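Student: I have a structure open next to its sequence, and I would like to talk it through with you. Could we take it one question at a time?

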Amino acid sequence: MSSLLQVYDLSKSYHVSQNIFSRKTIVALEPVSFSLEAHQTLAIVGEIGSGKSTLAKLLVGAETPSSGKIKLNGQTLQPGNFKQRCQHIRMIFQDSATTLNPSLTIRQLLDEPLYLNTDLNETERSELITATLKKVGLLAEHMNFYPHMFSGGQKQRISLARAIILQPQIIILDEALAALDPSLRSQMINLLLDLQQQMGLGFILISHNLGIVRHFSDTMMVLCNGQMVEMGNTHELLKAPKHKYTKKLIMSQRFQLANK
Ligand SMILES: Nc1ncnc2c1ncn2[C@@H]1O[C@H](COP(=O)(O)OP(=O)(O)OP(=O)(O)O)[C@@H](O)[C@H]1O
């Protein structure tokens with residue numbers, strides 16, 4: 001049986017103009033291969049500019065790869081097919097306040113992906129919105145509220161509701177837990193783990209915080225200057241890193257790791 005997600009030699013280079021006569025190539029991501037199973041979490045770690053967001057954008061189809069192939073349940077994802085992609089792979093960002101349209105109610109925000117991607121009628125969509133709000137620990141009454149009426153933690157739950165409403169198979173969490181205080185973060189991690197168990201979701205967690213990575217992920221990939229330098233079981237890798245860059249990263253966060 002094929003893995004939920006298989007990535008083969010995926011890479012991305014940007015060609016940017018230096019001046020009117022010359023262009024420069026920036027290799028944001030060197031060819032990388034990995035797989036992800038249902039119910040599993042893969043963490044991607046690395047310093048600023050190491051290629052984490054580039055990899056996430058390639059997976060959701062927001063960028064076109066320079067090389068490589070992505071397979072979902074054994075089927076190759078075509079670069080321009082956003083409909084196919086956005087039903088199965090969803091992304092949640094750090095700052096929900098900026099990703100939720102402030103002029104729409106929660107009902108409208110959650111209805112949009114359903115209206116665009118499903119054949120459900122209005123009543124069916126409304127029932128699904130209520131059920132999804134409950135799944136993320138919000139109330140049916142919240143449907144008529146606007147984003148500014150919620151706290152940061154609740155906004156993250158709305159983003160999560162929007163991400164799961166199309167029953168995706170993979171969710172990419174791009175620093176999605178970074179802005180939450182420790183107690184809200186633990187609640188959110190528990191909610192994500194519950195949903196993972198219920199829905200068989202595969203998570204890709206992009207995080208600077210190795211404490212979260214250790215708590216949440218099964219495997220981890222370390223990126224350095226666009227190159228994958230190490231990948232393996234999270235606990236084993238954190239206990240016995242092989243690459244000097246990983247060792248440096250762990251040393252720089254030894255207090256976070258000790259406190260978790
Ligand atoms: N659209 C673009 N055009 C040119 N270069 C880009 C573009 N997007 C990213 N890059 C470059 O690719 C490299 C990797 O960037 P990326 O945003 O993936 O890093 P990151 O690990 O996500 O960093 P951060 O932790 O700051 O989000 C960087 O050198 C960045 O400047």
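Student: Which residues of helix 1 are buried?
Tutor: Helix 1 covers residues 52-60. Applying the cut-off of 20 or more C-beta atoms within 10 Å, the buried residues in this helix are Lys 52, Thr 54, Leu 55, Ala 56, Leu 58 and Leu 59.

Student: How many C-beta neighbours inside 10 Å does Leu 58 have?
Tutor: Leu 58 has its place in helix 1. To be called buried, a residue needs 20 or more such neighbours. Leu 58 counts as buried because its number of C-beta neighbours inside 10 Å is 24.

Student: Which residues does Leu 58 touch, not counting residues up to four places away in sequence?
Tutor: Start with a residue that sits elsewhere: the C-alpha atom of Lys 242, 184 residues apart from Leu 58 along the chain, is separated from that of Leu 58 by 27 Å. Once residues up to four places away in sequence are set aside, the residues touching Leu 58 are Leu 10, Lys 12, Glu 63 and Pro 65.

Student: Which residue just after helix 1 takes a positive phi?
Tutor: Look at the backbone just after helix 1, where phi takes a positive value of about 85°. The residue with that angle is Gly 61.

Student: How confident is the prediction, and what does the protein chain average in pLDDT?
Tutor: For the model as a whole, the scores are ipTM 0.95 and pTM 0.91. Residue by residue, 97% score at least 70. The average pLDDT of the protein chain is 91.

Student: What is the radius of gyration of the protein chain?
Tutor: The chain is built with 11 helices and 10 strands. For 260 residues the globule rule gives 18 Å, and the chain's value is close to that, so the chain is as compact as a globular protein of that length. Its C-alpha trace spans about 55 × 50 × 45 Å along the principal axes. The radius of gyration is 19 Å.

Student: What percentage of contacts join residues at least 24 apart?
Tutor: Consider contacts in the protein chain between residues at least 6 apart in sequence. Of these, the share that joins residues at least 24 apart is 67%.

Student: Which element gives the largest share of the shell around the ligand?
Tutor: The ligand's surroundings include Tyr 14, Ile 26, Gly 51, Lys 52, Ser 53 and Thr 54. Elements giving two or more residues to this shell are strand 1 (5-17), strand 2 (23-36) and helix 1 (52-60). By class the shell has 5 nonpolar, 6 polar and 1 charged residues. The largest share, 3 residues, comes from helix 1.

Student: Is strand 3 largely enclosed or open, and how many of its residues are buried?
Tutor: On one side of strand 3 lie Thr 41, Ala 43 and Val 45, on the other Leu 42 and Ile 44, and all are buried. Strand 3 is therefore largely enclosed by the rest of the structure, with a buried count of 5 of the 5 residues.

Student: Which residue in strand 9 is the bridge partner of Leu 42?
Tutor: Strand 3 pairs in the parallel sense with strand 8 (residues 202-206) over 4 bridges, and Thr 41 stands opposite Phe 203 there. Strand 3 also pairs in the parallel sense with strand 9 (residues 219-224), over 4 bridges. The strand 9 partner of Leu 42 is Thr 219.

Student: Which residue takes a positive phi in the hairpin of strand 4 and strand 5?
Tutor: Strand 4 (residues 67-72) and strand 5 are antiparallel, with 2 bridges, and Leu 72 stands opposite Gln 75. The hairpin has 2 residues between the strands, and the one with a positive phi, near 50°, is Asn 73.

Methods. Residues are numbered from 1 along each chain as its sequence is written. This is a predicted model: local features need pLDDT of at least 70, side-chain atom pairs count only at pLDDT 80 or more; totals for chains, interfaces and linings use all residues. The radius of gyration is taken over C-alpha atoms; the globule rule is 2.2 Å times the number of residues to the power 0.38. Two residues are in contact if their C-beta atoms, placed from the backbone, lie within 7 Å. A residue is near a molecule or strand if its C-beta atom, placed from the backbone, lies within 6 Å of it. Ala, Val, Leu, Ile, Met, Phe, Trp, Tyr, Cys and Pro count as nonpolar, Asp, Glu, Lys and Arg as charged, and the others, Gly among them, as polar. pLDDT is the predictor's confidence in each residue, from 0 to 100. A residue is buried if 20 or more other C-beta atoms lie within 10 Å of its own, exposed if 12 or fewer, and partly exposed in between; C-beta atoms are placed from the backbone. Two strands pair if DSSP finds at least two bridges between them.
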